[in-house]
Amino acid sequence: MVQEMDLLKRFDAYIDSDQKIEAKDWMPDAYRKTLIRQISQHAHSEIIGMLPEGNWITRAPSLQRKAILLAKVQDEAGHGLYLYSAAETLGVNREELLDALHKGKAKYSSIFNYPTLTWADMGAIGWLVDGAAIMNQVPLCKCSYGPYARAMVRVCKEESFHQRQGFQIMLNLCNGTKEQKEMAQDALNRWWWPSLMMFGPNDESSMHSAQSMKWKIKRFSNDELRQRFVDMSVPQAELLGLTIPDEQLKWNEATGHYDFGPIDWSEFEAVVSGNGPCNRERLATRVKAHENGEWVRAAAAAHAAKVAKRKSLKTDAA
Ligand code: 3HC
């Protein structure tokens with residue numbers, strides 16, 4: 001018991017002095033557990049997040065736009081693989097995590113359960129969804145768990161490109177024909193509130209925030225990051241000449257922030273519990289892609305076994 005107390009004291013001292021906890025370091029089981037929870041859901045979000053945009057690759061309006069969208073979707077796949085690797089440093093294996101996702105037992109971000117109805121959705125997703133992801137992920141570069149923090153550095157660099165290309169799509173549409181501007185406004189109307197929900201429940205209803213902030217996994221609360229996102233997005237929407245679908249949105253001189261209307265948490269709960277517009281479709285597409293990829297995994301495993309056998313024969317012969 002004394003030994004564990006010493007280990008806990010050292011762990012707390014590491015966290016308090018902003019040192020990184022590494023995979024080989026002792027850590028409380030609850031710290032490990034919440035990191036596996038958050039990192040695996042983050043990885044699932046990246047992989048499922050490929051689907052709404054993947055839906056438009058064959059319908060991009062130009063070769064250049066197709067190439068940009070392809071690159072973005074490939075980036076998301078890479079983010080997912082990065083994050084599964086970060087989760088595996090905590091002693092879980094990827095197959096188990098994927099199995100939980102495919103069986104509908106694992107969460108991923110609510111935002112990816114909404115349909116992508118027009119090309120303008122590609123702009124709104126890049127601008128708002130990746131913009132919200134950056135707001136949430138930049139602080140994670142200072143997360144107390146080393147592998148997660150380091151994965152985030154690379155992810156955030158690529159997210160900035162994602163956000164810029166999305167905003168450019170919106171700008172092109174807003175400077176285009178009347179119909180194109182209307183398409184951009186329609187996409188903003190449909191993606192604005194779900195983007196605010198990405199930051200999670202209000203602080204008072206967030207069951208993990210307090211502990212995650214003590215452990216410096218989370219550096220700012222859900223509401224703080226949501227507020228920063230609103231404050232950043234309002235001037236961007238004005239620049240586009242678009243109207244944010246919130247009549248209560250108003251600059252508050254006293255606080256130096258925008259006040260905004262209430263979020264529909266019943267919609268959030270419905271989407272998170274699997275009853276969003278596209279939950280079933282997203283999961284079915286994901287399971288099918290995984291099944292269709294079985295031959296690639298088998299071939300890679302067979303090749304790895306052959307290489308390992310050759311290596312062991314060489315060491316025996318030496
Ligand atoms: N969608 C689905 N579930 C959500 C959610 C959302 N938008 N927001 C919160 N939740 C879940 C939490 O996972 C938790 O459920 P659990 O106990 O079963 O895990 C519950 O609601 C309570 O929420 P908390 O605020 O207490 O939970 P957290 O402290 O984990 O905070 C979070 C939620 C802010 C999403 C945090 O997990 C986080 O920062 N995760 C890492 C970033 C991330 O996953 N972003 C998702 C989008 S990734 C993305 O956009 C990729 C980009 O390339 C497009």
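Colleague: By class, how many nonpolar, polar and charged residues does the lining of the second largest pocket have?

Modeller: In this predicted model, the second largest pocket has a volume of about 350 Å³, and among the 13 residues that line the second largest pocket, the closest to its centre are I47, L81, L98, R286 and H290. Sorted by class, this lining has eight nonpolar, one polar and four charged residues.

Colleague: Which elements give two or more residues to the lining of the second largest pocket?

Modeller: The lining of this pocket is made up of 13 residues. The elements that give two or more of them are α3 (50-54), α4, α5 (94-102) and α12 (279-292).

Colleague: Which element gives the largest share of the lining of the largest pocket?

Modeller: The largest pocket holds about 1200 Å³ of space, and of the 46 residues that line it, R37, Q41, M198, F199 and G200 are the closest to its centre. Elements that give two or more residues to this lining include α2 (29-48), α4 (63-88) and α7 (146-174). The largest share, seven residues, comes from α6.

Colleague: How do the residues of the lining of the largest pocket divide into nonpolar, polar and charged?

Modeller: The lining of the largest pocket has 46 residues. By class, they divide into 20 nonpolar, 15 polar and eleven charged.

Colleague: Which residues line the largest cavity?

Modeller: The count comes to one cavity of 30 Å³ or more, and about 50 Å³ of space lies in the largest cavity. Its lining has five nonpolar, no polar and two charged residues. The residues that line the largest cavity are L7, R10, F11, Y14, I21, D25 and W26.

Conventions. Residues numbered from 1 in each chain as written. Predicted model: local features only at pLDDT ≥ 70, side-chain atom pairs only at ≥ 80, totals over all residues. Heavy atoms only, no water. 1 Å grid on protein atoms, 1.4 Å probe; cavity = no way out; pocket = protein on both sides within 12 Å on 5 of 7 lines; lining within 4 Å. Points joined across faces, edges and corners; volume = space filled by probe spheres on them. Nonpolar A, V, L, I, M, F, W, Y, C, P; charged D, E, K, R; others polar. Helix = DSSP H or I, 4+ residues; strand = E, 2+ residues; numbered from the N terminus.
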